[in-house]
Amino acid sequence: MDDRMVRVIGILQDSFFPLLKAGVTFTVPLAIISFFLGMIVAFTVAIIRVTRFKPLLPIARFYVWIIRGTPLLVQLFIIFYGLPTIGVTLDAFVSGVIGFTLSVGAYGSETIRAAILSVPKGQWEAAHALGLSRIQTLMYVIIPQAFKVAIPPMANSFISLVKDTSLAATITITELFQVAQQITARTYEPLWLYMEAAFIYLIFCSVLSVMQSRLELRFGKSGD
Amino acid sequence: MIRIENVYKSFGNLEVLKDISLTVEKGEVVCIIGPSGSGKSTLLRSLNHLERITGGRIYIADELVDERLNDKEVSRISAKKVSEICSELGMVFQRFNLFPHMTVLENVMLSPMKVKGVSKQTAMEKALELLKKVGLIDKKDEYPPKLSGGQQQRVAIARALAMEPKIMLFDEPTSALDPELVYEVLDVMKALAKEGMTMVVVTHEMGFAREVADRVVFMDNGEIIEAGSPDNIFSNPTQTRTREFLSRII
Ligand SMILES: Nc1ncnc2c1ncn2[C@@H]1O[C@H](COP(=O)(O)OP(=O)(O)O)[C@@H](O)[C@H]1O
Ligand SMILES: [Mg+2]
């Protein structure tokens, strides 16, 4: 083994734990918190759009339009670097959570809306004929069926989100990718370090994929 | 029980119901027959606001259900009122429309509990009694997609009956069924008619109409062409269109 090889292996060994730690303490919490809050936003927006709830409908549409029509990176910059100039200074992690939540909320609302609309019209009609109100119909008849449809795409977006959190490096959050950049700056081994970072993302996402399959199996059972 | 007065309905420029008037008495079984696209479903669906009429008046049990003129509400009908009306009307669809994520028993229990606020215990007793009546007590814990079409439709009837409706509406309840399953559904409907249930049945089962109906209504192209006793309609129709229709399907 030549010296270069020995050096690289040493760097990789030394950096593995810091990278993993950054992943577990920043990447994963950022993804989980943003996804959880984003789901609440997504669900609310989807319900507003499906029920065509007049007072909030324009706001919901505007929100989805803005978020889907602009890059996430730019949104993060506006929140973290832009808002302080008008006196709103937020912690980097909080800025990240806000940015990712808004993103999950907008894209997720489209997924949930599509899932709700995929429930056959006959289900609404039968519920109406039985005297159920629209809200009751949503709660007891439509949403449980839409939920099953929405699980696979939502699980996919969570996996995407875990990878997208690497954008948070640009707003000074010391998540996995940011730490990889720092170590690279010191060691000048970008190829190996970024591959190592990629490998850790791969582990996270593979674990999530397995969980996704379990989830789909569990909820795919009853009914059709 | 039902009074339909000068009802019109258009979908855009397409006029689907043209000046329909029809009265159904308590305990009466009325069968509506007619070619596809003649407006039978639309008429039935107007009774519980699944469609809104564009003109005319509809009364159920002497209560105004809908009154419209040129597609504008003449009398305001609240959402609560609509729900009340729906509770008095049971509806059975061609495609069953059972809730696939609930067991048979849960399907039957849902609306009494949520709409009428009946206790779980009471709803369950009632549901079991109804499932016994339609011969499906042993399927109570199955999910609907596992059942045959005939079984699903009988569950749908039990589900509608759970609300203790005054009137039952059937929209081609056997049209989606394999021929050998038609009878199990018709038998349940016959039993219901015998008990004195007021029924409006859109059907292509002429044997059923002849045997069970007090009155048969023939619709074509959005109009009631002829109405009368089964004997009159099937043996001595006065209108050529009725005769042509009957000669085509019998
Ligand atoms: N939601 C709708 N929008 C537009 N046209 C409709 C709609 N529902 C029914 N129609 C039309 O109204 C006519 C009557 O339909 P329908 O009441 O279903 O007839 P039937 O039940 O006698 O077969 C048909 O021409 C049908 O295409
Ligand atoms: Mg029809």
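**Around ligand 1 and across to chain A**

Let's start with the shell around ligand 1: by class, four of its residues are nonpolar, six are polar and one is charged. In that sorting, Ala, Val, Leu, Ile, Met, Phe, Trp, Tyr, Cys and Pro count as nonpolar, Asp, Glu, Lys and Arg as charged, and the others, Gly among them, as polar. Keep in mind that this is a predicted model, where local features need pLDDT of at least 70 and side-chain atom pairs count only at pLDDT 80 or more, while totals for chains, interfaces and linings use all residues. As for bookkeeping, residues are numbered from 1 along each chain as its sequence is written, chains are lettered from A and ligands numbered from 1 in the order in which they are written, and side-chain values use heavy atoms, with hydrogens and water left out.

So who sits around the ligand? Among the residues surrounding ligand 1 are F11(B), L14(B), V16(B) and P35(B), along with G37(B), K40(B) and T42(B); to be near, a residue needs a heavy atom within 4 Å. Oxygen atoms of the ligand come up against several of these. One is 2.7 Å from a polar backbone atom of G37(B), one is 2.8 Å from an N or O atom in the side chain of K40(B), and one is 2.5 Å from an N or O atom in the side chain of T42(B). The protein covers 60% of the 560 Å² of accessible area that ligand 1 has on its own (Shrake-Rupley method, 1.4 Å probe; for residues, only the protein chains shown count as cover). Helices (H or I, at least four residues) and strands (E, at least two) are DSSP runs, numbered from the N terminus.

Next, look at where the chains meet. Here 18 residues of chain A are in contact with 25 residues of chain B, contact meaning heavy atoms within 4.5 Å. The rule finds one salt bridge across this interface, that is, a side-chain nitrogen of Lys or Arg within 4 Å of a carboxyl oxygen of Asp or Glu. The partners are E125(A) and R45(B), with their closest N and O atoms 2.8 Å apart. On the side of chain A that touches chain B, α5 (121-129) and α6 (134-164) give two or more residues each. The largest share, seven residues, comes from α5(A).

Finally, the structure holds 29 salt bridges over all chains. One of them joins R52(B) and D66(B), at 2.9 Å from N to O. Because R52(B) lies in the loop between α1 and β4 (55-60) of chain B and D66(B) in strand β5 (residues 63-69), this pair ties together parts that are 14 residues apart in sequence.

Note on methods. A polar contact is a pair of N or O atoms within 3.5 Å; within protein, one must be able to donate a hydrogen and the other to accept it, and residues adjacent in sequence count only if both atoms are side-chain atoms.
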